[in-house]
Amino acid sequence: MEGGSMGFTALTGKVRGEVERIGSIDFIVGISSFNNEDTIAHVLGTAAQGLVRFFPDGRHLIIVSDGGSTDGTREVASRLKLPRGIERVVGRYAGVPGKGSAVKMILEAAELLGARGVALVDSDLRSILPDWIELLLTPLDEGGGLVTPYYLRYKYDGFITNQIAYPFTRAVYGRNIRQPIGGEFGLSQGLVKELLKSPLWGNPYTPRFGIDIFITHTAIAHGFPVAEAFLGAKIHGAKDPTKHLAPMFRQVVGSMFSAMTLYESFWRGVKGCERVPLIRGCFEPPRPEPFPVDEEIPLKAFREGFKDFQDLYRRVLSEDLYQELYTIAHKEDFTFPTDLWAKTVYSFAAAFKGEGDKDTLLDALRICWCGRVGCFIQETRELGDEEAEERVVEEAAVFEELRNYLLEIYPG
């Protein structure tokens, strides 16, 4: 297993041979793909432009780590003409199907080649600019460890980020990182090595959509400097987030709670919250694109799902919290206060540490999250993106204010 990487090896066979033949590399741009025939050429070509424009003296590699696309993704990525000085590897990763496994192949290649740093970008991006590559990679040459994205997003794009990943990261780890699961990252050589050593690859969440929160929380817990890069609007293959996020929720939150267990000695000692540096480029960002959402879907999921998990809620929550949750699940005039949501999340985080059936626990929390999402849509229907963003930040501050509640209930 290369470099002590844990859990499984994603870089095997033919792809490993292609990587080894390349030799040394300065920077790597890694693109995780699955059935992205329509967007992969744009993302790959733009990444190549960024490397040539901003790092002209280096030798760079773009890796397309594919999950077995059945369309023409790999063929399009292999045929696209690239500038001189840009190497390319297009191949399938090995291991558990999921974005985390795709990223692991990229990280293993980076360690093998001794890359100075890695930029990770999603394969369905329509708003990516060459400047993104500069903003994600330049801080790594200046002592940075992790660069996370800072986006302008439509108010209903990112419910997992806005309602749980962001406020949880801010409150528990003491870093005000707005997009801890944003998808676009810059990783230093040292952080790549630390990530590959982690035992968290062995859980069922990190190799899937739990990869981004794993990267962010591992970087913080191991003391790597973190900065945010302003990337403008993230415009990608958007779907109604009230309909398609059940597996992603389980994987993101499962990964988040797993990291929390591993890094308990770190976060228990955190005091207050720090804003990380924000790096800006010189480009005019487009505006986020709105898309329709249906608030009745998450509200219905909460009301119906609550009945299925009543016994679990009684076991996990205090009697007062359970009664409050029961009341709102049966009220016609629906509200879901932020303090109730924060205490519910903290209660499930505490239960996760010793729970055997973790997936059922996560599914029960997802039902509560549906209620919180439906409430947020109701509260912000008439607000613009900026006003809705202010509401998200205010709610994150509530999580921060209730941090002592977590410390009191989290098992030692």
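This is a predicted model: local features need pLDDT of at least 70, side-chain atom pairs count only at pLDDT 80 or more; totals for chains, interfaces and linings use all residues.

Reader: What joins E2 to E3?

Author: Strand E2 (residues 60–66) runs parallel to E3, and 7 bridges join them. To find a spot on that pairing, look at Leu61, which stands opposite Glu87 in E3.

Reader: Now for E4. Is that strand buried or exposed?

Author: Buried: 6 of the 6 residues of E4 count as buried, so the strand is largely enclosed by the rest of the structure.

Reader: What about its faces, covered or open?

Author: Both faces of E4 are covered. Gly117, Ala119 and Val121 are buried on one side, while Val118, Leu120 and Asp122 are buried on the other. In general, side chains in a regular strand alternate between the two faces of the sheet.

Reader: Which strands are joined to E4 by bridges?

Author: E1 is joined to E4 by 6 bridges, and these two run parallel. Ile28 stands opposite Val118 there. E7 is joined to E4 by 4 bridges, but that pair runs antiparallel, with Phe185 in E7 as the bridge partner of Leu120.

Reader: Can we zoom in on Gly117? What is it in contact with?

Author: Leaving aside neighbours within four places in sequence, Gly117 is in contact with Asp26, Phe27, Ile28, Leu137, Leu140 and Leu187. Gly117 is found in strand E4 (residues 117–122), and its relative accessible area is 1%, so it falls under the 20% cut-off for buried. Gly117 and Phe27 are 90 residues apart along the chain, yet their C-alpha atoms are separated by 5.3 Å.

Reader: Nice! How many residues of E5 are buried?

Author: E5 is mostly covered, with 6 of its 7 residues buried. With strand E7 (residues 185–188), E5 runs antiparallel and is joined by 2 bridges; Leu146 has Leu187 as its bridge partner in E7. With strand E8 (residues 226–233), E5 pairs in the parallel sense over 7 bridges, and Tyr150 stands opposite Phe230 in E8.

Reader: What does Thr148 touch?

Author: Not counting residues up to four places away in sequence, Thr148 touches Ile177, Gln179, Glu184, Phe185, Thr216, Val226, Ala227, Glu228 and Ala229. Thr148 is found in strand E5 (residues 146–152) and is buried, with a relative accessible area of 0%.

Reader: Changing topic: where is Asn35, and what is its phi?

Author: Asn35 is in the loop between strand E1 (27–33) and helix H2 (40–54). Its phi is positive, about 55°, although Asn35 is not a glycine. For background, most residues other than glycine have a negative phi. Asn35 is partly exposed, with a relative accessible area of 31%.

Reader: Okay, helices. At roughly what angle do H8 and H9 cross?

Author: Roughly 25°, and the axes of helix H8 (residues 211–221) and helix H9 (residues 246–262) come within 8 Å. H8 and H9 are therefore roughly parallel to each other, and H8 passes H9 in a right-handed crossing. Ile213, Phe214 and His217 of H8 make the contact with Val252, Ser255, Met256 and Ala259 of H9. By class, that contact has 5 nonpolar, 2 polar and no charged residues.

Reader: And how do H6 and H15 cross?

Author: The axes of helix H6 (residues 159–173) and helix H15 (residues 358–380) cross at roughly 115° and come within 11 Å. The crossing of H6 and H15 is right-handed. From H6, the contact involves Phe159, Ile160, Gln163 and Ile164; from H15, Leu365, Trp369, Arg372, Val373, Phe376 and Ile377. The residues of this contact divide into 8 nonpolar, 1 polar and 1 charged.

Technical notes
Residues are numbered from 1 along each chain as its sequence is written. Side-chain values use heavy atoms; hydrogens and water are left out. Axes are lines fitted to C-alpha atoms, for helices over the stretch in contact, and angles run from 0 to 180 degrees between N-to-C directions. A crossing is left-handed if the near helix is turned anticlockwise from the far one by less than a right angle, and right-handed if clockwise. Contact means heavy atoms within 4.5 Å. Ala, Val, Leu, Ile, Met, Phe, Trp, Tyr, Cys and Pro count as nonpolar, Asp, Glu, Lys and Arg as charged, and the others, Gly among them, as polar. Buried means under 20% relative accessible area, exposed over 50%, partly exposed in between (1.4 Å probe, protein chains only). Two strands pair if DSSP finds at least two bridges between them. Angles under 35 degrees count as roughly parallel, over 145 as roughly antiparallel, 65 to 115 as roughly perpendicular and the rest as oblique.
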